[in-house]
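These are my notebook entries on a structure that I had not looked at before. I wrote down what I looked up, in the order in which I came to it.

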Amino acid sequence: MTSPQIEIQIIACIVAIACAIPGVFLVLRKMALISDAISHSILPGIVLGFFLTHDLNSPWLILLAAITGVITVVLVEAIQKTGLVKEDTAIGLVFPVLFSIGVILIAKNANDVHLDVDAVLLGELAFAPFDRWLVAGADLGPKSLWVMGTILLITLVLLFLFFKELKVSTFDAGLSSALGISPIVMHYGLMSVSSVTVVGAFDAVGAILVVALMIAPAATAYLLTSDLKKMIYLSVGFGVFSAIAGYWVAHWLDASISGSMTTVLGLVFLAVYLFAPDKGLISVMYRQRQQRTEVSLLTFLLHLNNHSEENERHINHLQEHINWQKVRSRTVLDLALKNNMIEIEDNVVSLTSKGKEFTDLALEYIITNKDEKIEFMKDDFFLFRG
Amino acid sequence: MKDKIAIQVDDLTVAYNYKPVLWDIDLRVPEGVLMAIVGPNGAGKSTLIKAILAIIKPIAGSIAIYGKPYEEQRKMVAYVPQKGSVDWDFPTTALDVVMMGTYGSLGWIKRPGQKEKKAALEALEKVGMLSFKNRQISQLSGGQQQRVFLARALVQEASIYFMDEPFQGVDATTEIAIINILKELRKAGKTVVVVHHDLQTVPEYFDWVTFLNVKKIATGPVKEIFNDDNLTKTYGINYKVAINQ
């Protein structure tokens with residue numbers, strides 16, 4: 001690997017981490033769309049900042065553009081507060097207007113400045129190592145590395161200091177307010193950090209793809225854990241993995257780096273969505289199938305429990321009586337036999353004492369819905385797990 | 001009458017979009033009562049609690065907790081919001097939710113430590129949820145979630161407890177468990193204010209009641225004022241309820 005290659009990957013990783021952290025809280029606050037709005041509406045801020053500073057990495061430009069991001073949030077909330085439109089409509093009203101102001105500003109003044117809409121929207125990580133920070137002739141490395149490194153550091157410090165405040169205000173704004181931890185302060189704090197991160201990262205990965213780096217890792221992590229801290233670690237992990245993997249995919253395909261990173265993010269989400277142990281699609285489908293079988297089993301056992309007469313318990317009669325197809329009846333019968341819940345004598349089915357006990361417990365659970373009674377059965381039966 | 005006033009509300013008016021939700025409320029809640037706030041839907045019951053807790057800004061009036069503004073008395077007050085007001089899919093455990101009750105006394109930045117954890121575990125034990133401490137909150141039943149919320153309030157070790165519909169969507173066992181804890185709090189000299197819907201249980205559960213319907217209809221001891229006259233004034237129809245005394 002050449003040194004620019006290493007630098008690109010380091011920058012990509014830092015951007016990914018810096019985006020993943022606020023992303024977790026945006027996803028939990030159901031505000032993913034706001035990050036999309038911010039990513040667009042910072043354009044006029046960037047353009048104005050660029051006219052003033054002539055440097056895409058200037059802290060002033062970042063600050064100015066980040067303020068546009070916060071203004072977006074304020075405008076969205078102001079429109080929403082009128083009660084005339086819903087939040088998504090308010091977002092849809094605000095950011096195209098701000099974005100188009102940016103587009104017009106560029107079009108009117110693009111002749112003498114080096115800035116175009118594509119560069120802002122799509123970014124180009126491959127160029128990042130060429131824009132270096134020189135102090136008195138000494139090369140201190142790529143500018144975007146310093147910019148994003150600083151933003152990441154600030155984000156980490158804020159996360160460390162205000163983790164508990166972020167958690168409680170995200171989970172329960174009412175309690176948070178009553179405790180004296182102002183949810184409004186936390187809200188705007190998070191919005192400011194998100195805006196600064198988006199502005200800092202647009203140069204590297206583009207304003208639109210920043211959204212993917214914020215939302216996809218958090219959404220993926222959400223499927224895997226029920227612990228906020230782990231969710232943050234996992235998000236960071238997915239972000240870093242996608243950044244590096246995306247870089248090499250781009251290398252092989254000779255394609256856009258940020259495009260490849262986002263594609264990898266999407267694929268990682270898809271894989272987790274399918275294979276996650278609890279919330280994954282396959283595991284959910286498997287569980288539903290199990291539950292169907294278990295409900296069938298229970299129905300069957302209850303039927304046996306209710307009928308002492310032999311003709312109601314004849315193996316052929318059961319099939320037509322409970323109205324199941326052959327396969328289903330076979331599965332249920334096998335399951336009951338395997339668990340020693342029934343015995344079959346001369347094609348007449350009867351409950352064993354274990355089967356009777358199980359049926360009684362299950363009945364009691366269905367009636368009382370008391371969890372502790374069936375706690376010990378939970379490992380064997382999906383039906384009774386939460 | 002008991003002498004010390006725990007909560008004092010004067011001329012409180014709250015409006016949403018210029019439409020008054022609470023109009024000129026005067027209220028004095030003596031220390032050590034278990035009080036129900038009753039009234040029809042949209043009467044402003046939750047709003048009254050939120051205004052007292054400074055979650056909502058009133059357009060007029062003032063509030064005092066033991067004679068001082070709420071902001072100075074936060075640590076004396078615990079709050080249980082409506083269960084439906086939070087996202088129960090939030091990635092956290094029962095124990096962690098209860099720990100949140102300690103955040104107020106910790107203040108900004110400081111993290112909860114062993115002392116807070118011990119208090120949270122004790123509170124979970126009190127509400128009979130200790131064995132569920134590591135359970136993800138979405139895996140709890142409605143009644144269990146409400147108990148966790150109650151434990152979170154207990155851990156605040158407050159003097160005044162505000163609870164917004166704690167009996168909503170819970171089974172009879174949980175309801176009894178909760179009311180017993182609330183009665184214990186009263187016995188310990190605490191003041192408990194509950195937004196309540198089930199008029200049948202008011203005389204059995206509470207010793208103090210406030211009738212509310214945008215304006216305050218009446219407030220006082222259940223034995224004296226929980227009658228058809230006030231119920232009719234509050235609900236607008238002749239509201240017959242069985243009062244077992």
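This is a predicted model: local features need pLDDT of at least 70, side-chain atom pairs count only at pLDDT 80 or more; totals for chains, interfaces and linings use all residues.

I use buried for under 20% relative accessible area, exposed for over 50% and partly exposed for what lies in between, with a 1.4 Å probe and protein chains only. After helix 3 of chain A comes A:H54, and I noted that its phi is positive, near 55°.

Residues are numbered from 1 along each chain as its sequence is written, chains are lettered from A and ligands numbered from 1 in the order in which they are written, and side-chain values use heavy atoms, with hydrogens and water left out.

Next I looked up chain A as a whole, which has 16 helices and 4 strands. Its radius of gyration is 29 Å, well over the 21 Å that the globule rule gives for 386 residues, so chain A is more spread out than a compact globule. That radius is taken over C-alpha atoms, and the rule is 2.2 Å times the number of residues to the power 0.38. Along its principal axes the C-alpha trace of chain A spans about 95 × 50 × 35 Å, and 48% of its 386 residues are buried.

For chain B I counted 10 helices and 9 strands. The radius of gyration of chain B is 18 Å, close to the 18 Å from the globule rule for 245 residues, so this chain is as compact as a globular protein of that length. The C-alpha atoms of chain B fill a box of roughly 50 × 35 × 35 Å along the principal axes, and buried residues make up 52% of the chain.

I then asked how many residues of chain A are in contact with chain B. I found 34 residues of chain A in contact with 34 residues of chain B. The area buried between the two chains is about 2,900 Å², of which carbon and sulfur atoms give 61%; buried area is the accessible area (1.4 Å probe) that two parts lose on being put together, summed over both. In chain A, the residues that lose the most area to chain B are A:K164, A:F171 and A:L179, together 26% of what that side buries.

B:P91 lies between strand 5 (77-80) and helix 3 (94-99) of chain B, and it counts as buried at 2% relative accessibility. Leaving out residues up to four places away in sequence, B:P91 touches A:L28, A:Y222, A:T225, A:S226, A:D227, A:L228, A:M231 and B:Q136. A:T352 sits in the loop between strand 4 (348-351) and helix 16 (353-368) of chain A, and A:T352 is buried, with a relative accessible area of 16%.

Note on methods:
Helices (H or I, at least four residues) and strands (E, at least two) are DSSP runs, numbered from the N terminus. Contact means heavy atoms within 4.5 Å.
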